Amino acid sequence: MALTALLCAVSIALSFLESLIPDFPFVMPGMKLGLSNIVVMFALELLPLPSSLAVVIFKAVFALITRGFTAFLMSLSGGFFSVSVMFLLIRSRKTSFGALGVGVAGAFMHNMGQLLVAYIIVSDGIYAYFPILCGASILTGTLTGLANYIILPVIKKIPIYTVKENY
């Protein structure tokens, strides 16, 4: 429980730090790198699924408090879509998708969850963003996957946690 709480705090801190980065003129408004998703990937690798879902929920509540209800819905839907696919890919016994594959798939599904919420809110014309989100998924998923690939082996050497396969 303590490790889950720590990961929630790190996720929220990364989300806050990311909000300090100004939007670039060539990206869609509100589009971020997804640094806090590194923590979600990390949680999926080390902890049971409910702990990873707790990180997603805490991230969404932080979005609610700091950016409003729409941001909450976007974060929650994107987080659940992302966690679902990353969980399945990480736990796949037949094929290893690697950190980059899991990161890109997670970023893509996160964007699709957000696109679904945007469609419900705005309706028309939202699908024009699909190609942009696909490209963004490759870029941001590669960055988060690479970060996880570098960080996870180092963290796994620290004997402060026990991994439970309760999924």
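**Close-up 1. The buried residues of helix H2.** In H2, the buried residues are Ser-36, Asn-37, Ile-38, Val-39, Val-40, Met-41, Phe-42, Ala-43, Leu-44 and Leu-46. Here buried means under 20% relative accessible area, exposed means over 50%, and partly exposed lies in between, with a 1.4 Å probe and protein chains only. Because 10 of the 11 residues of H2 are buried, this helix is largely enclosed by the rest of the structure. Its cover includes H1, H3, H4, H5 and H6, where contact means heavy atoms within 4.5 Å. This is a predicted model: local features need pLDDT of at least 70, side-chain atom pairs count only at pLDDT 80 or more, and totals for chains, interfaces and linings use all residues. Residues are numbered from 1 along each chain as its sequence is written, and side-chain values use heavy atoms, with hydrogens and water left out.

**Close-up 2. The whole protein, for orientation.** The protein has six helices and zero strands, which gives the pattern α-α-α-α-α-α along the sequence. Helices (H or I, at least four residues) and strands (E, at least two) are DSSP runs, numbered from the N terminus. Of the 167 residues, 41% count as buried. Among contacts with a separation of 6 or more, 68% come from residues 24 or more positions apart.

Close-up 3. The 19 residues of H3 (residues 49-67) should span 27 Å at 1.5 Å a residue, and the end C-alpha atoms are 27 Å apart, which agrees. The expected span is 1.5 Å times one less than the number of residues in the helix. Buried residues of H3 include Ser-51, Val-55, Lys-59 and Phe-62. The buried residues of this helix pack against H1 (2-19), H2 (36-46) and H4. Just after H3 comes Gly-68, with a positive phi of about 105°.

**Close-up 4. Ser-15 in helix H1.** Look for Ser-15 in H1. Ser-15 counts as buried because its relative accessible area is 12%. Leaving aside residues up to four places away in sequence, Ser-15 touches Ser-36, Phe-62 and Arg-67.

**Close-up 5. Helices H4 and H5 side by side.** H4 (residues 69-90) and H5 (residues 98-122) pack at an angle of about 145°, with their axes 7 Å apart. The axes are lines fitted to C-alpha atoms, for helices over the stretch in contact, and angles run from 0 to 180 degrees between N-to-C directions. The residues of this contact divide into 15 nonpolar, 11 polar and no charged. Ala, Val, Leu, Ile, Met, Phe, Trp, Tyr, Cys and Pro count as nonpolar, Asp, Glu, Lys and Arg as charged, and the others, Gly among them, as polar.

Close-up 6. H6 (residues 130-156) has 27 residues and reaches 36 Å from its first C-alpha to its last, close to the 39 Å expected at 1.5 Å a residue. Among the buried residues of H6 are Leu-133, Gly-141, Thr-144 and Leu-152, and the buried residues of this helix pack against H2 and H5. Leu-100 sits in H5 and counts as partly exposed, at 40% relative accessibility. Leu-100 and Thr-144 are 44 residues apart in sequence and 7.8 Å apart in space, C-alpha to C-alpha. Not counting residues up to four places away in sequence, Leu-100 touches Gly-141, Thr-142, Gly-145 and Leu-146.
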